[in-house]
Amino acid sequence: MPRRKQFYSIFSPPSLSMSELVKTTLDHDETDLLIDQWLDHRGHGQLVYYEWFMDIRERRHAVQSQKKQILAWNKGEFEPENVFCRTVDTGRLIPLDRTWTTHVYHHQSFKDRGLPMKPVVFTILPELMLLRGMHDVGCDEIYVIVTDMKRQEMDDATEYFKMSLDDECLTLLDMRLTHTLLRQRRTPCFPQIDLVVRALLYEKQPRFFVLFSHHGTSYSQIFFTHPSYVPDEDIFYDLPTGCPNPCCNDDCEMIRFPRRGLETATVLDIWGKGRRRKIKSRSMCNWVDCDVLFADEDSVGTTGSGSEISVGSSNSGDGRITGQTCSKCKLVRYCSADHQRKDWEEHRRIDEELMGPVGAFSLDQLMELAGLACAQALAKVYKKEKYPRVLVCCGPGNQGGDGLVAARHLGMFGYKPTIYMPKPGSKDHYKRLQTQCNNMKITTLPPSTDTDSLRTALSSTDVILDAIFGFSFKGPVRAPFDAALPLLTESGLPIVSVDIPSGWDVEEGNTAGVGLNPDVLVSLTAPKQGVKGFTGRHFLGGRFVPRTLEEKYALNLPPYPGTDQIIELPSASDSSQKL
């Protein structure tokens with residue numbers, strides 16, 4: 001018997017499968033690429049946000065409690081990984097460099113006309129990046145509904161969705177919006193918009209979603225599903241409106257961001273699967289892999305002196321354990337000193353200080369020294385007379401920059417390097433390194449999503465230099481590298497990895513089993529926790545760490561021989577030397 005067709009009513013549970021709208025999905029990689037493009041854009045729109053972040057940097061908001069929202073940019077370039085936001089759901093201080101998947105619902109006519117959805121996301125990208133950063137969980141997927149509503153209609157739609165089901169004006173407003181859009185033949189129609197909104201709230205339960213209007217006289221509206229998800233007016237009261245016109249004096253918001261907090265935010269009363277559970281903000285250990293939940297601030301007592309606090313837990317006899325507040329920033333808490341160490345890897349803290357006032361190194365300098373050390377290690381093990389052809393595999397981040405520097409030095413040493421770089425980095429320093437290699441006439445394979453060029457290059461290669469993923473890698477391996485790593489392994493060629501083998505977790509190692517298994521590893525600055533079981537030839541490159549930082553972090557670095565930039569370390573089976 002054929003299944004009865006479902007009909008939509010605002011008084012019955014909806015389903016996204018009932019909608020006629022088309023869904024276009026932008027995955028994490030596409031979102032990351034959009035962020036890079038936005039950072040590289042030098043127009044007025046990007047400039048005003050940069051100036052706003054600079055103002056945030058100068059303000060340094062007073063923090064009265066560890067639950068207060070924070071947006072902090074203390075040092076480094078204007079990049080998401082250098083800007084930290086306190087999450088409203090777990091109280092953690094996390095960088096803004098976490099991407100997300102964007103689901104854009106739009107009318108079929110957009111697809112028929114070949115109109116891409118990336119410009120839609122690009123238009124509201126700064127706001128999405130900030131809202132994503134405010135949430136630790138629940139925002140890996142963000143939902144946008146594209147409409148053609150004018151300003152008054154967007155105002156009416158906002159009021160409509162804020163109404164409860166028993167409001168007398170609900171049906172009248174529904175009829176007015178439906179009639180207006182239908183009469184002017186604008187798509188999608190309001191019943192379809194209404195269906196998708198209610199289905200998203202019922203099935204996905206998002207922290208927020210965006211009702212986007214591509215009409216030039218309107219704005220886009222953000223809907224929040226709980227008051228605690230609304231940005232703090234003390235921080236965002238002067239966030240730019242997003243208008244690209246530098247001469248505009250009107251409040252012509254492209255997206256209506258709640259700059260006055262709950263006063264101007266659109267917060268919905270949610271109805272859906274049964275009673276809505278009570279949402280309560282939490283304070284958790286700042287290490288993302290820890291699930292220890294701290295007690296409420298009013299029940300937390302200070303234990304002794306210093307930075308120790310009591311936290312709620314069932315791990316001790318009296319139900320409480322001793323936690324620690326970061327002694328440096330005073331903004332985050334940890335359930336143990338071990339988790340504090342794991343939260344911000346030792347090598348990353350050192351790299352930050354190397355580029356800070358203590359170390360005073362620039363990123364370019366560190367890349368140059370690291371790449372030189374990697375080239376020297378490869379040349380020490382694989383002589384150019386027997387292994388002249390080197391395939392340098394580069395990722396889009398700083399690890400790939402180290403690989404480009406190494407390729408240039410290998411060319412100077414008399415090797416014949418070829419660069420495999422399917423996804424080139426977009427930052428200025430990366431582009432300069434590419435130009436330097438081009439000037440030396442080093443062959444670079446054209447960027448491609450398939451692996452045909454890689455297969456061809458491997459057939460005429462003697463040794464591989466792996467500079468794809470670095471210590472910030474978190475799985476899974478995404479395209480195009482998910483197909484490239486198995487090919488590198490299956491080639492049977494010797495592999496030299498930079499800092500940490502691609503596909504390995506910096507702390508856990510190759511637990512997923514998808515990483516490379518190199519013959520040689522060149523650790524930079526200091527060996528990472530995840531490679532403690534590595535059994536191949538292991539070199540250390542980092543003859544640039546100041547004595548002050550070496551003593552501060554108890555690195556116990558060995559003395560480098562002569563003028564070399566590298567030193568070979570004992571194998572994992574030899575515990576006579578410990579770093």
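Q: Why does Phe-209 count as buried?
A: In this predicted model, Phe-209 has a relative accessibility of 0%. Buried means under 20%, so Phe-209 counts as buried.

Q: What makes Phe-209 and Phe-223 a stacked aromatic pair?
A: Let's take the two values in turn. Their rings are 5.0 Å apart, centre to centre, and a pair needs centres within 6.5 Å. The planes are 10° apart, and under 30 degrees counts as stacked.

Q: Which parts does the pair of Phe-209 and Phe-223 tie together?
A: Phe-209 belongs to strand β7 (residues 208–213) and Phe-223 to strand β8 (residues 220–224), so the pair ties together parts 14 residues apart in sequence.

Q: Why is the pair of Tyr-160 and Phe-190 called edge-to-face?
A: Here the ring centres lie 5.1 Å apart, again to be set against the limit of 6.5 Å for a pair. The planes meet at 75°; over 60 degrees counts as edge-to-face, so that is the name for this pair.

Q: How do you know that Tyr-160 is buried?
A: Its relative accessible area is 0%, to be compared with the cut-off of under 20% for buried.

Q: What makes Asp-32 partly exposed?
A: Asp-32, found in helix α1 (residues 28–40), has 32% relative accessibility. Buried is under 20% and exposed is over 50%, so Asp-32 falls in between and counts as partly exposed. Together with Glu-77, Glu-81 and Asp-97, Asp-32 gathers in a patch of negative charge on the surface.

Definitions and conventions:
Residues numbered from 1 in each chain as written. Predicted model: local features only at pLDDT ≥ 70, side-chain atom pairs only at ≥ 80, totals over all residues. Heavy atoms only, no water. Patch = residues over 30% accessible without salt bridge, like charges linked within 9 Å, V, L, I, M, F, W, Y side chains within 5 Å. Areas by Shrake-Rupley, 256 points an atom, 1.4 Å probe, with all protein chains shown as cover. Salt bridge = Lys/Arg side-chain N within 4 Å of Asp/Glu carboxyl O. Lys, Arg positive; Asp, Glu negative; His and termini not counted. Charge placed at Lys NZ, Arg CZ, Asp CG, Glu CD. Helix = DSSP H or I, 4+ residues; strand = E, 2+ residues; numbered from the N terminus. Buried < 20%, exposed > 50% of the residue type's maximum accessible area, 1.4 Å probe, protein only. Phe/Tyr/Trp six-rings, centres within 6.5 Å; stacked < 30°, edge-to-face > 60°.
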